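Visitor: I have a protein model open and would like to learn how to read it. Could you take me through a few features?

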Amino acid sequence: MKVLVLGNGGREHALAWKLAQGERVSQVYVAPGNGGTARDALLKNVALTDVKALADFAEAEKIALTVVGPEAFLAAGVVDEFRARGLRIFGPTKAAAQLESSKAFAKDFMKRHGIPTAAYETFSDAAAAHAYVEAQGAPIVIKADGLAAGKGVVVAMTLEQAHEAIDWILADNKLGVVHNEGGARVVIEQFLEGEEASFIVLCDGKNVVSLATSQDHKRLLDGDEGPNTGGMGAYSPAPVVTPNVHAKAMHEIIMPTVQGMARDGVPFTGFLYAGLMIDPSGQPRTVEFNTRMGDPETQPIMMRLKSDLFEVLMQATDGSLDQVELQWDRRVALGVVMAAGGYPLTPRKGDAISGLPADSDEAMVFHAGTIEKDGQLLTAGGRVLCVTALGESVRKAQQLAYDTLVPIQFEGKQYRRDIGHRAVKR
């Protein structure tokens with residue numbers, strides 16, 4: 001069986017790496033892939049990003065299953081195109097992917113279906129947005145209504161930061177947002193206190209199977225300081241998601257979302273990612289939805305998954321997830337992102353990468369912003385690598401991940417030194 005993974009990040013490298021372990025899998029293609037997938041003997045890069053060209057490739061190569069990595073492909077309607085041609089693909093349709101591609105759609109959906117989330121208002125007029133922020137005060141959260149590669153959210157701790165974020169989104173588009181129809185819009189919402197966790201499930205339109213819990217580290221600097229990023233590291237499992245919190249998340253957020261989408265005539269299939277804020281009493285509320293796996297959460301989750309991912313996703317695309325029970329490594333997995341100098345606003349590119357250690361069963365270096373050129377590995381994006389390790393405890397996984405990244409060199413490299421700090425303190 002041949003498999004196609006769409007995307008070029010660390011998430012796609014991890015998904016492709018795991019899919020290649022499938023008993024029935026003969027070849028995994030990654031489109032367009034990166035320097036790490038180019039170097040893996042079990043993977044093959046395909047220089048395609050156009051939706052119709054990808055569907056042509058899948059037909060010609062008799063691809064048994066296509067798995068969508070990033071949100072941009074979903075928003076471009078890749079699932080609709082593949083399904084129209086009778087091709088098996090795991091991911092949501094363009095309409096269902098609005099849960100991520102439009103913050104306004106998601107907030108209105110949650111309000112309509114009684115799913116716990118923060119109070120909010122939506123604006124396209126900058127003056128009205130500025131006036132609302134003045135009336136509400138800080139801290140407050142400013143979100144771009146469109147795709148922004150994980151960087152379209154500003155948690156403003158001061159009014160000055162809030163006003164700046166509104167101008168970034170509605171006037172200057174400094175965050176590089178791909179605006180939805182109708183132009184630039186901003187969602188302004190209440191700041192929620194608590195601890196965040198990533199709650200990701202597989203959906204077949206009706207049935208749901210939860211993946212291992214994880215926690216992402218969004219801020220650039222140690223101690224959760226600095227600007228928001230696409231994610232500087234993650235670990236799994238997340239201790240904040242207790243059995244009680246897990247049950248509440250499934251009962252109050254995930255199932256009402258899947259059932260609500262079906263009732264609205266937009267059944268959801270694919271990876272559904274609920275970013276949760278869990279308050280001190282253990283009550284989860286939805287910060288946001290993503291309609292794909294998280295990056296860098298995918299890397300630790302895939303390191304822990306013992307089940308054959310290919311077989312699981314074949315059942316998901318058959319609509320029989322109710323027959324699936326996932327097997328997990330009981331150890332902790334922790335991934336540290338090594339980012340380019342200047343990330344997140346102006347990342348350096350084209351720097352040589354050296355000192356990559358050999359991969360092992362306990363430690364993997366997943367590539368994200370890398371490219372292979374004339375036999376040399378170069379940086380090609382903001383988040384360059386995710387060094388991921390398994391350990392008997394959070395501290396041991398943390399130690400191995402940091403030991404593994406020591407020899408890796410590239411100009412301007414930056415990474416956090418405290419990934420997993422909340423779990424270590426528990």
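This is a predicted model: local features need pLDDT of at least 70, side-chain atom pairs count only at pLDDT 80 or more; totals for chains, interfaces and linings use all residues.

Visitor: Which residue in β2 stands opposite Val3?

Guide: Val28 does. In β3, Val28 has Leu43 as its bridge partner.

Visitor: How do I read strands and their pairing?

Guide: Strands are DSSP runs of E with at least two residues, helices are runs of H or I with at least four, and both are numbered from the N terminus. Two strands pair if DSSP finds at least two bridges between them. Here β1 (residues 2–7) and β2 (residues 27–32) pair in the parallel sense over six bridges. Four bridges join β1 to β4, also parallel. Three bridges join β2 to β3 (residues 43–45), again parallel.

Visitor: What is the order of the strands in the open sheet?

Guide: The order is β3-β2-β1-β4-β5, with parallel pairing. β3 and β5 stand at the edges with a single partner strand each, so one side of each has no neighbour in the sheet.

Visitor: What does right-handed mean for a crossover?

Guide: Point the strands away from you; the path from the first strand over the helix to the second then runs clockwise. β1, helix α1 (residues 10–19) and β2 make such a right-handed β-α-β unit.

Visitor: How do I read a helix?

Guide: An α-helix has 3.6 residues a turn, so residues three or four places apart point the same way. Now take α12 (residues 309–318): its buried residues include Leu309, Val312, Leu313 and Ala316. Buried means under 20% relative accessible area, with a 1.4 Å probe and protein chains only. The buried residues of α12 pack against elements including β1, α1 and β4.

Visitor: Which residue caps the N-terminal end of α12?

Guide: Asp308 does, with a side-chain oxygen 3.1 Å from the backbone nitrogen of Phe310. Just after α12, Gly319 takes a positive phi of about 80°.

Visitor: How many helices and strands does the protein have?

Guide: The protein has 14 helices and 24 strands. Buried residues make up 59% of its 426 residues. The C-alpha atoms fill a box of roughly 60 × 45 × 40 Å along the principal axes.

How values were computed:
Residues are numbered from 1 along each chain as its sequence is written. Side-chain values use heavy atoms; hydrogens and water are left out. Buried means under 20% relative accessible area, exposed over 50%, partly exposed in between (1.4 Å probe, protein chains only). Contact means heavy atoms within 4.5 Å. A polar contact is a pair of N or O atoms within 3.5 Å; within protein, one must be able to donate a hydrogen and the other to accept it, and residues adjacent in sequence count only if both atoms are side-chain atoms.
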